[in-house]
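Student: I have a model on the screen and would like to go through it step by step. Where do we begin?

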Amino acid sequence: MSPRRSKTGLTQQERSAAMRGRLLDATVECLDRFGYAATTTTRVTELAGVTRGAQVHHFATRADLIAATVRHLMAMRTELAAERLDAVREAADPLDAALDLLWEVHHQPVRFATLELWMAARTDPDLTAVAAEVEPAAREAVAEFVLTVVCGTDTGTDADRERFRRVVNTAMYAVRGVLLSEIPVSDTAALRERWRHAKADLRLMLDAVLAQSSAPISGAR
């Protein structure tokens, strides 16, 4: 028997997923506009244009909603990286393009929502636990993406890839550090300049690792 569809042509499962998506997107918007402390279930339902009952059906508590939003933001970052895979591979300088993608993945419009959750996790044990579970997986997914672009699947030894992975993780930490410095800075040109300088230093580190590789790697100049 085929799934039962509503007048909109969507199945119950599709309608449920769409409702969850609306609530999660509204939570991201709320975090971005009002901050973590002011992100209440009442405000989220208002932004999502849904009833309180619909919110409770999908996320019984604020903690449930926030935890799901952490995972939602992680998925958004990894999906963006995957979407850009071919473009980065085909770039004239794949390594430079990969570094810029690290910046884009973290600097997309939801960056302030992510920063709000990172900061709140410092004093919220429940949020700390979720972040400790989700963030390493997000970093690993993005690091693996960069490795695939730059190293390919059949080049370099395990030791080569591990050295490169460590530098990629350092690059992500640098991106996040620059983003944290954005909080008191309203000059986007100054922020881009900070990233330009950081990227130049990261490139020197990555080139040094690539030069030590035991096999040719696609990102090497």
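Predicted model: local features only at pLDDT ≥ 70, side-chain atom pairs only at ≥ 80, totals over all residues.

Student: What share of the residues of the protein count as buried?
Tutor: A residue is buried when its relative accessible area is under 20%. Applied to the 221 residues of the protein, the share that counts as buried is 43%.

Student: Which element has the lowest mean pLDDT?
Tutor: Across the protein the average pLDDT is 83, and 86% of the residues score at least 70. Among the elements, helix α2 (residues 41-48) has the highest mean, 96. The lowest mean, 81, belongs to helix α8 (residues 125-151).

Student: How many helices and how many strands does the protein have?
Tutor: From the N terminus on, the elements read α-α-α-α-α-α-α-α-α-α. The count is therefore ten helices and zero strands.

Student: What share of the contacts with a separation of 6 or more comes from residues 24 or more positions apart?
Tutor: A contact here means heavy atoms within 4.5 Å. Of the contacts with a separation of 6 or more, residues 24 or more positions apart account for 69%.

Student: How far apart are the end C-alpha atoms of helix α6?
Tutor: Helix α6 covers residues 94-107, which is 14 residues. At 1.5 Å a residue, helix α6 should therefore span 20 Å. The model agrees with this, with the end C-alpha atoms 19 Å apart.

Student: How many residues of α6 are buried?
Tutor: The buried residues of α6 include L95, L99, L102, W103 and H106. α6 is mostly covered, and of its 14 residues the number buried is ten.

Methods
Residues numbered from 1 in each chain as written. Heavy atoms only, no water. Helix = DSSP H or I, 4+ residues; strand = E, 2+ residues; numbered from the N terminus. Expected span 1.5 Å × (residues − 1). Buried < 20%, exposed > 50% of the residue type's maximum accessible area, 1.4 Å probe, protein only. pLDDT = per-residue confidence, 0-100.
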